[in-house]
Amino acid sequence: MSTIMILIPFILASLFPFFQAQPLSSAFANQGQWNLLQPSIGISPMHMQLLHNDKIIMFDRTDFGHSYLPLSNGRCRMDPNEIALKVDCSAHSVLYDVATNTFRPLMIQTDTWCSSGSVLPNGTLVQTGGYNDGERSIRMFTPCFGETCDWVEFPGLLSQRRWYATNQILPDARVIVVGGRRQFNYEFLPKTPSPNSSPSSIPLNFLQQTSDRSENNLYPFVHLLPDGNLFIFANTKSVLFDYKQNSVIREFPPIPGGDPRNYPSSGSSVLLPLDENLDSLEPEVVVCGGAPRGSFENAARGNFVQALGTCGRIKVTDSNPNWVMQNMPMPRAMGDMLLLPNGDVVIINGAGAGTAGWEHGHDPVLLPVIFRPSETVNQFSVMAPASRPRLYHSSAVLLRDGRVLVGGSNPHVYYNFTGVEYPTDLSLEAFSPPYLAPDFAPVRPVIRYITNNNVLGYRVFCYVTFTVPNYASVSEVSIRIVAPSFTTHSFGQNQRMVVLKLSAVTYLAGEAYYATVMGPSTAEIAPPGYYLLFVVHKGVPSWGSWVQVM
């Protein structure tokens, strides 16, 4: 063997740092990548929830007729109150297995159209409301590792009809259900009647005050804050609400511009990550997109007004809080905002004109945008375009591997595949953000072990062992937990991220390290339940590992 052949590996090794420092060359590393997972799952899911067994429960509505997926074992749904089919042998819900890219039909009995949900601390999805005979129903789905688990329904248990309501899990493990069409009130689940508690709904005048001729206050944006109060945004206004005392503590300034952000104008919102490494938590809420006032009426006449192109950001604990406005790269209504494992926010799906509603959206926005709230310049980056429009009744959720699952889009009263500009879509796709590109493999961590049997106790130390080929420094490491969202109608209910307090990163051997972190300080910061824990190194996340906060 020649001397030069022997030296080649050493020459390449010496040049490795040089290559690492060069600008990324792959399109994937700059703009992400799309993949089609399923051409059809038989339904067009407008609601999605990732469960702690890495399966996603998805569902549509029952009042349009049959779907394109039969129920299993010859089952049929018998519902004398159904608007469409009294006997329906097709499924309107599926359970999708991320690992195997397969799905199976589930059976819902009452109409889930435009409903809401939260996951209880034990991992059970409690799902509320809908339309027609489902408007006061409670449904539960408990994950299992076999093929037998299915929906269990409790008709008529809600005190009021809950159509377009929002749910939020609370520190005491109850769920608050806020609003709905012509419902200016809220209630709690489970119901625990006592001499000092109301068994029915509780008025919330703020919801009535924010309703206009197009409503524009449905699916209000509700975020649980570290002080235990709720930030509630509807239309253009927002309040700090003490649900224990049924009291508005503070009114925030209206978002500038005077244009509505909630359904049917349909912007989106997230609570930015809560960082326990800071001396004090400063919760910030971001609201992006929506439609100008009057857009719903204009769309009904065939006039599709350009959507809003701004985001508003507010620090809710400031002594004099004000909205800071920023321009997105393009206008968008009906977009979904999801927290990514590294703390960025992806804005995906939606329309550039019109609003939510049957045939009310136009100009699909195929370009996802990544928003980097921690940056001071170049906060928005435009990603690779999707090939399929995702308009009204589309949805998206974060997966454990860091991808974003996207599905749905049915802007029609019924499923309609021909003779329309935007056919009903039954497919599933995945968007892979740039951090999943092979370019980042040298700095991508892999979680190997979590102490305490993957249980995070409040203020209890935990050790997370991980490997990474090219470790940088402790300043480039963070440990984050994410509560997966119940996503529907452009809002991820219950979504939150907490950056755990990091004490140290200790070298073990080879490529192995362990991080010493403390569990969340309080249940107000992280309500009990299942979370995805990610190790982030140099902005690149590991796959998530399921942990239970309790």
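Author: Happy to! With a relative accessibility of 43%, Val-152 counts as partly exposed. Buried means under 20% relative accessible area, exposed means over 50%, and partly exposed lies in between (1.4 Å probe, protein chains only). Before we go on, this is a predicted model, where local features need pLDDT of at least 70 and side-chain atom pairs count only at pLDDT 80 or more, while totals for chains, interfaces and linings use all residues. Residues are numbered from 1 along each chain as its sequence is written, and side-chain values use heavy atoms, leaving out hydrogens and water.

Reader: Thanks! Which strand does Val-152 lie in?
Author: Strand S11, residues 152-154. Strands (E, at least two residues) and helices (H or I, at least four) are DSSP runs, numbered from the N terminus.

Reader: And what does Val-152 form with Phe-154 and Leu-157?
Author: They form a nonpolar patch on the surface, with about 250 Å² of accessible area together. Patches are made of residues with over 30% relative accessible area and no salt bridge; like charges are joined within 9 Å, and nonpolar side chains (Val, Leu, Ile, Met, Phe, Trp, Tyr) within 5 Å. The areas come from the Shrake-Rupley method with a 1.4 Å probe, and for residues only the protein chains shown count as cover. A salt bridge is a side-chain nitrogen of Lys or Arg within 4 Å of a carboxyl oxygen of Asp or Glu.

Reader: New topic: how many aromatic pairs are there?
Author: Rings of Phe, Tyr and Trp (its six-membered ring) pair if their centres lie within 6.5 Å; planes under 30 degrees apart are stacked, over 60 edge-to-face, and the rest tilted. By this rule the count is 29 aromatic pairs. One of them is Phe-233 with Trp-323, an edge-to-face pair at 5.8 Å centre to centre and 85° between the planes.

Reader: Where do Phe-233 and Trp-323 lie?
Author: Phe-233 is in strand S17 (residues 230-234) and Trp-323 is in the loop between strand S23 (310-315) and strand S24 (324-327), so the pair ties together parts that are 90 residues apart in sequence. Phe-233 is buried at 0% relative accessibility, and Trp-323 is buried at 9%.

Reader: Nice! What sits over the ring of Phe-188?
Author: The charged end of Arg-174, 4.2 Å from the ring centre. A charge sits over a ring if NZ of Lys or CZ of Arg is within 6 Å of the ring centre and within 35 degrees of the ring normal. Arg-181 lies over the face of Trp-163, at 4.8 Å from the ring centre. Trp-163 also belongs to a cluster linked by ring pairs, whose members include Trp-113 and Tyr-131.

Reader: What about disulfides, how many does a search find?
Author: There are 3 in the whole structure, a disulfide being a pair of cysteine sulfur atoms within 2.5 Å. One joins Cys-76 to Cys-89, with 1.8 Å from S to S. The torsion about that S-S bond of Cys-76 and Cys-89 is about 90°, so the disulfide is right-handed.

Reader: And is the link of Cys-144 and Cys-149 left-handed or right-handed?
Author: Left-handed, because the torsion about the S-S bond of Cys-144 and Cys-149 is about -75°. Their sulfur atoms are 2.1 Å apart, and both Cys-144 and Cys-149 are buried.

Reader: Which cysteine does Cys-288 pair with?
Author: Cys-311, with the sulfur atoms 2.0 Å apart. Cys-288 is in strand S22 (residues 284-288) and Cys-311 in strand S23, 23 residues apart.
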